Amino acid sequence: MQRFPTFRHPQRRPDGTTTPQPAPSAAESASTHLLLIPSYNPGSKVFDTVRAARREWLPVWVVVDGSTDGTTEALRAMADDDPGLRVIVLPKNLGKGAAVLHGIELAAGEGFTHVLTMDSDGQHPAELISDFMAASQARPEAMILGVPVFDAGAPALRVRGRRVSNWWANLETLWTGIGDSLFGFRVYPIAPLARVMRGQRWMRRFDFDPEAVVRMSWAGVPPVNLPAPVRYFAPDEGGVSHFNYLRDNLLLTWMHTRLFFGFLLRLPLLAARRYASGRGKRAERQS
């Protein structure tokens, strides 16, 4: 059975994150908000991930991005027995961003307005799905960004390395409040995300998550940050990682180079928007 708690508007903490509060009904959320899991050779953890997601939400869609590890047929069998689960299979591996784009274009055609993206490897907290969906219902114009809370098993190199990407992402958006640029547990409004992705050729692979938040921010979509625990599984626990330190860091370096020049071109607009936002907040405090 799905849990659909009731929430108030998110309250901002001193550290910039917010706490989820009461939101609209379960039926409203399920008719507009979709849970999307892109999946590429995830190993057996994908089955636990999908089952946990289905306990918390419906509908759940899995986009199989050309997997060759034998999980595709088992996922299809799960979907045959579960009307709340849909499995979409791409014939070859195109990358996480391409899988998300394929999923949201289908979702938009079926009337969904928002999508929560969740990794298939079990690292993301399924128990917070309802909280994130409710926060999106309370702020439908915003993107709801997970801010990872790492456990002791998190690789120190990756934890330190993401600070660099976070600094660049906040510079490129003139510090509009992106809590974490790389964590993929997020709710996006579908229409602006699809427009941003169709407008250029990038954001199709590992660069999807950080480039999405920067370009969505440029498009005027505000961030709402919520803390979310993340767990890294060792190989003997079924953990699978496709992160390649050299390849993916080169991809991120090229991405931030492109985004920095895009930031310079948009700097007058971003500065004007930041100034107007600051004036509005000061007026609210004075009223």
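**Figure 1. Burial and overall composition of the predicted model.** Of the 287 residues of the protein, 53% count as buried, where buried means under 20% relative accessible area, exposed over 50%, and partly exposed in between (1.4 Å probe, protein chains only). This is a predicted model, in which local features need pLDDT of at least 70 and side-chain atom pairs count only at pLDDT 80 or more, while totals for chains, interfaces and linings use all residues. Residues are numbered from 1 along each chain as its sequence is written, and side-chain values use heavy atoms, with hydrogens and water left out. The accessible surface of the protein is about 13500 Å², and 58% of that area belongs to carbon and sulfur atoms; accessible areas come from the Shrake-Rupley method with a 1.4 Å probe, and for residues only the protein chains shown count as cover. The secondary structure consists of nine helices and nine strands, taken as DSSP runs numbered from the N terminus (helices: H or I, at least four residues; strands: E, at least two). Among contacts (heavy atoms within 4.5 Å) between residues at least 6 apart in sequence, 79% join residues at least 24 apart.

**Figure 2. The largest nonpolar core and residue F208.** A nonpolar core is a set of buried Ala, Val, Leu, Ile, Met, Phe, Trp, Tyr and Cys residues joined through side-chain atoms within 4.5 Å. The largest one has 39 residues, of which I104, Y188, L193 and F208 touch the most other members. Helix α8 supplies the largest share of this core, six residues. Apart from neighbours within four places in sequence, F208 is in contact with K96, G97, V100, Y188, L193, M197 and M203. A second, separate core of 36 residues includes L128, F132, M133 and Y232. In soluble globular proteins, nonpolar side chains tend to be buried together.

**Figure 3. Helix α7 and its cover.** Helix α7 spans residues 190-198, and its buried residues include I190, P192, L193, A194, V196 and M197. Among the elements that cover the buried residues of α7 are α4, β6, β8 and α8.

**Figure 4. Helix α5.** This helix is mostly covered, with 10 of its 10 residues buried.

**Figure 5. The salt bridge between R86 and E110.** A salt bridge is a side-chain nitrogen of Lys or Arg within 4 Å of a carboxyl oxygen of Asp or Glu, and by this rule the count comes to 13. In the pair R86 and E110, the closest N and O atoms are 2.6 Å apart. R86 lies in strand β5 (residues 85-90) and E110 in the loop between α4 (96-109) and β6 (114-117), so the pair ties together parts that are 24 residues apart in sequence. R86 is partly exposed at 31% relative accessibility, and E110 is partly exposed at 47%.

**Figure 6. A network of salt bridges.** K96, D119, R186 and D209 are linked in this network. D119 forms a salt bridge with K96, the closest N and O atoms being 3.0 Å apart. This pair links distant parts of the chain, with D119 in the loop between β6 and α5 (129-138) and K96 in helix α4, 23 residues apart. D119 counts as buried at 18% relative accessibility. D209 forms a salt bridge with R186, and here the closest N and O atoms are 3.9 Å apart. D209 belongs to helix α8 (residues 208-218) and R186 to strand β8 (residues 186-189), 23 residues apart. Both D209 and R186 are buried.

**Figure 7. Strands β7 and β9.** Strand β7 (residues 143-150) pairs with β9 in the parallel sense over eight bridges; two strands pair if DSSP finds at least two bridges between them. The bridge partner of V149 is P229 in β9. Strand β9 (residues 223-230) is mostly covered, with six of its eight residues buried.

**Figure 8. The loop residue P91.** P91 is found in the loop between β5 and α4. At 82% relative accessibility, P91 counts as exposed. P91 and V64 are 27 residues apart in sequence, and their C-alpha atoms are 8.7 Å apart in space.
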